[in-house]
Amino acid sequence: MPVPRSRATIPRSLLRDNAYRALRDAIVDGTLAPGERLVDAELVDWLGVSRTPIREALARLEQAGLVQTRPGRHTIVSPLDLRATRSAVAVVAAMHEVAVREAVPHLSDAELDAMRAANADFAAALRDGDAERAVDADDRFHGVPVTASANQAVATVLEQFTPVLRRVERLRFSSLCGRASVAQHDTIVALCEAGDAEAAAAAARDNWRTLLPLLDGPLSGD
């Protein structure tokens, strides 16, 4: 779909990061469709910022695999690249495995309760068929151990590679197959509460790797 004509409001502080997030979110939620051409002037008008933060945001998005830029020609929203997405699943799953392993010894009762609450919201979103809300709740669930691990390297890698998976996550959470994640989340919380860091870490890794079958199904074009 075309770039929205209504102007988005972005604070003047952190223009580069905010422009990046606005464009990233528009790509992963489908507002900007795969293959769509991104014209600087249109993006400047939409986001209400200068050309410089737009170009910097597009460069970051290209590094993340969400846009493709051909110098002197044009920039487009990247089509779904199955090979790159499989690689991103492997990286993201491994980072969440590390985060949970490191977080388990430090998780408080309040943090475990926050994971349970996020999973309850996740289950409700799936029942309502609200994929967007399900993705948000899933983020909050997995974000608890990421924060508790206090591992900045993990957080940085996840910031780069998680957006590549968003289109696949929305497909999963809009279908019945996404409901298995509710029970998987419950297992992760139970293992965390029991202090079994290795089993909890493996369960978190396996939960993310459930995205892989989608790449071998309808998305593969087979």
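Two strands count as paired if DSSP finds at least two bridges between them. Helices (H or I, at least four residues) and strands (E, at least two) are DSSP runs, numbered from the N terminus. The model is predicted, so to speak of local features takes pLDDT of at least 70 and side-chain atom pairs count only at pLDDT 80 or more, while totals for chains, interfaces and linings use all residues. Residues are numbered from 1 along each chain as its sequence is written, and side-chain values use heavy atoms, with hydrogens and water left out.

**View A. A three-stranded open sheet in the order 1-3-2.** The pairing here is antiparallel. Strand 1 and strand 2 are the edges, each pairing on one side only. Strand 1 (residues 37-38) is joined to strand 3 (residues 74-77) by two bridges, and Arg 37 has Ile 76 as its bridge partner. In general, strands of a sheet pair through backbone hydrogen bonds, either parallel or antiparallel.

**View B. The hairpin of strand 2 and strand 3.** Strand 2 (residues 67-70) runs antiparallel to strand 3, with four bridges between them. Zoom in and you'll find Thr 69 opposite Thr 75, plus Arg 70 bridged to His 74. Three residues sit between the strands, and Gly 72 takes a positive phi near 80°.

**View C. The largest pocket, about 510 Å³ in volume.** Of its 20 lining residues, Arg 24, Asp 139, Glu 159, Thr 162 and Arg 166 are the closest to the centre. Two or more lining residues come from each of helix 1 (15-28), helix 6 (131-149) and helix 7 (152-173). For the grid-minded: points lie on a 1 Å grid over the protein atoms alone, a pocket is an open set with protein on both sides within 12 Å along at least five of seven lines, a cavity is a set of points where a 1.4 Å probe fits but cannot get out, and lining residues have an atom within 4 Å of a point. Points are joined across faces, edges and corners, and a volume is the space filled by probe spheres set on them. By class, the lining splits into seven nonpolar, four polar and nine charged residues (nonpolar: Ala, Val, Leu, Ile, Met, Phe, Trp, Tyr, Cys and Pro; charged: Asp, Glu, Lys and Arg; polar: the others, Gly among them).

**View D. The largest cavity, about 50 Å³.** The structure holds two cavities of 30 Å³ or more. Around the largest cavity sit Asp 138, His 142, Glu 169, Arg 172, Phe 173, Ser 181, Asn 207, Trp 208 and Leu 211. Helix 6, helix 7 and helix 9 each give two or more residues to that lining, and helix 7 gives the most, with three. The classes come out as three nonpolar, three polar and three charged.

**View E. The second largest cavity, with about 40 Å³ of space.** Its lining includes Gly 65, Leu 66, Pro 79, Val 164 and Arg 167. Helix 4 (82-103) and helix 7 each supply at least two lining residues. Five are nonpolar, two polar and two charged.

**View F. Helix 9 (residues 197-209) and its buried face.** Its buried residues (under 20% relative accessible area with a 1.4 Å probe, protein chains only) are Ala 197, Ala 200, Ala 201, Ala 203, Ala 204, Asn 207 and Trp 208. Seen down the axis, they fall within an arc of 160°, so they line one face of the helix; the arc is that of the directions from the helix axis to the C-beta atoms. The 13 residues should span 18 Å at 1.5 Å a residue, and the end C-alpha atoms are 18 Å apart, which agrees (the expected span is 1.5 Å times one less than the number of residues).

Methods:
Buried < 20%, exposed > 50% of the residue type's maximum accessible area, 1.4 Å probe, protein only.
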